[in-house]
Amino acid sequence: MKNELNKELLKISQLAKATGTNITTLKYYVKEGLLQPECKTTKNMAYYNKDCIKRVNMIRSLQKEHYYPLAVIKGLIDNIADPFELEFMDAIHKADLKDSGKQYTLAEASKLTGLSKAQIDHLKNMGIISICDDVSKSCYSYSDVHIMRLAKRRLDAGIPFEQSVKAFMIYQEALKNAASLDVDCFISKALLAESPSAQQSARMIVISDETLDSFVSIKRNQLNRMFGSERIDQLYHFAHRLAEYIDACISIFQEKGYSNLSGKLISAKTGYANEKNLFDNALTYYSLVICNATKSLTKSISLINNAQKFFLFVKTDRVTEPEDLAAYALKLGWLCLSPSLLGNGESDKTLKSSFIELSERHIDNGAD
């Protein structure tokens, strides 16, 4: 009778083979209460009903395809009376059914996306993608691979990889905070207040997600236009301020009798390309930025970028001629008047104090 009974049941090794699951994992399911043996013949021998095959497959599916923790899975399969409970849980967990539990090794992810292993590691280290730790290997999910492809697409468009990482981090941190607040608000104001059924709750969550996704996209476009316009206006205003600064310098040089320097400054407002020394080079950058500010935004950005590198490179420790001091003054003007997005705030503070000291040593009337 005992042998006949055992024919209808499965040993744990047979259950493992039937489900493609290792024995260690099945024993863990038993320990956590997700599986119950039909009978135990000895301390170390147990038999399982054939229905456990379906149960184990369901557990694995909920783990790999829906990303539920085992505690949630136990509650789901023990209380499956409500057919909409799983739909409700899917809505909460935002399970991506396209993923289907597929996982990719570092080598596979690199081949699929075109990113180098070092770039993928950098995304992982910054927390933009998260590694899935398997027993035998480290792997990445479908969502991770999709993020890698986004980074590669930006890279192919000429966007530096580091800028993409920075942008992803900015939005990730903002969205992390927003999502946390939204979930708490939705639970307290919608689910707890209204007490809907599992089916209603699932639909509410889906609609909430869809409308918020659209809202975020619309608002992001609106804000990008607004801040983009502000930054463009700042660049145009920067060129105008440089021109005003040159006018102020012209007045000072004319008053002090430096007609050669003031003449060069006057020429720079309409066009200047005489590159003989440091002062001439500095003045050429001023001229290019001023004269192209209203002609081409792309060219203006490129010119400002080149000029920024030049003025940061200009050394001010050797001033022997009036033109050296004039070049120093142009560097000071550039750093002090530049938009905040160039990040010159700290540099101009240091330069201002040292310029005053330097000018007092090299101009007869220090107060001027």
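**Strands and a helix face**

Trainee: How many bridges join S2 to strand S3 (residues 45–49)?
Mentor: The model is predicted, so local features need pLDDT of at least 70 and side-chain atom pairs pLDDT 80 or more, whereas totals for chains, interfaces and linings use all residues. Residues are numbered from 1 along each chain as its sequence is written, and side-chain values use heavy atoms, leaving out hydrogens and water. Strands are DSSP runs of E with at least two residues, and helices are runs of H or I with at least four, numbered from the N terminus; two strands pair if DSSP finds at least two bridges between them. S2 and S3 run antiparallel, and the bridges that join them number three.

Trainee: Which residue of S3 is the bridge partner of Thr-42?
Mentor: A hairpin joins S2 to S3 through two residues. The partner of Thr-42 in S3 is Met-45.

Trainee: Which strands stand at the edges of the sheet?
Mentor: The open sheet has three strands with antiparallel pairing, in the order S1-S3-S2. Each edge strand has a single partner strand, so one side of each is left without a neighbour in the sheet; these strands are S1 (9–11) and S2 (39–42).

Trainee: Within what arc do the buried residues of helix H8 fall?
Mentor: Taking buried as under 20% relative accessible area, exposed as over 50% and partly exposed as in between (1.4 Å probe, protein chains only), Gln-119, Ile-120 and Leu-123 are buried in H8 (residues 117–125). On the other side of H8, Ala-118 and Asn-125 are exposed. The arc is that of the directions from the helix axis to the C-beta atoms. Seen down the axis of H8, the buried residues line one face of the helix, because they fall within an arc of 100 degrees.
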